[in-house]
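Please walk through this structure from one of its pockets out to the chain as a whole. The text below takes the parts in that order.

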Amino acid sequence: MNERKIKNIFIEGAITPNFIAESIAKHQNKTDIGAHQIFLGQVRADIIDNKEVELIEYSCYTDMALNTFHNIRESCFEKFDISCMHIYHSIGKVKKGEICLFIFVSSKHRKVAFEACSFLVEEIKTKVPIFGKEVFKNEDFKWKVNN
């Protein structure tokens, strides 16, 4: 395995549409890529106990989370024939309707890109120690359960 450097994938606050667009644009000169698969996780305005979620405040054990992201990333490169991969997750407050997770996978062929992206989403949701506090208008909150 070609050990890659542990990257800081955290972005303070929401992941902006401009950031996503710029990430995509950087791949236009990579002509060996035939497919890109993108997953965007967005904060929902869920109704919990008759209260609407206004935002989610994400926190984590940074070193543990980054190591887990790194291990998931490495296992994805081992398992799938992908050209590149980018993962970004919000930390801090993200309002309803804003993007909190951005996964971008590139490969020569679409099936591999689909499978790798799906693998990453499931691994992240089940293994990475990131905690979400769902905050309501009156500042009440409830700890989010990943599903």
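Sorted by class, the residues lining the second largest pocket are 6 nonpolar, 3 polar and 2 charged. The model is a predicted one. The pocket in question holds about 150 Å³ of space. Two elements, α2 (62-79) and β5 (82-95), each give two or more residues to its lining. The lining residues include Leu 66, Phe 69, His 70 and Arg 73. Met 85, His 86, Ile 87 and Tyr 88 also belong to the lining. Lys 7, Asn 8 and Ile 9 line the second largest pocket as well.

The next step is the layout of the chain. The protein chain contains 3 helices and 8 strands. Read from the N terminus, these elements follow the order β-α-β-β-β-α-β-β-α-β-β. For contacts between residues at least 6 apart in sequence, 76% join residues at least 24 apart.

What remains is the overall form. Along the principal axes, the C-alpha atoms of the protein chain fill a box of roughly 50 × 30 × 25 Å. The radius of gyration of the protein chain is 16 Å, which agrees with a compact globule, because a globule of 147 residues would have a value near 15 Å.

How much of the protein chain is buried? Of its 147 residues, 42% are buried, where buried means under 20% relative accessible area.

Definitions and conventions
Residues numbered from 1 in each chain as written. Predicted model: local features only at pLDDT ≥ 70, side-chain atom pairs only at ≥ 80, totals over all residues. Heavy atoms only, no water. 1 Å grid on protein atoms, 1.4 Å probe; cavity = no way out; pocket = protein on both sides within 12 Å on 5 of 7 lines; lining within 4 Å. Points joined across faces, edges and corners; volume = space filled by probe spheres on them. Helix = DSSP H or I, 4+ residues; strand = E, 2+ residues; numbered from the N terminus. Nonpolar A, V, L, I, M, F, W, Y, C, P; charged D, E, K, R; others polar. Rg over C-alpha atoms; globule rule 2.2 N^0.38 Å. Buried < 20%, exposed > 50% of the residue type's maximum accessible area, 1.4 Å probe, protein only. Contact = heavy atoms within 4.5 Å.
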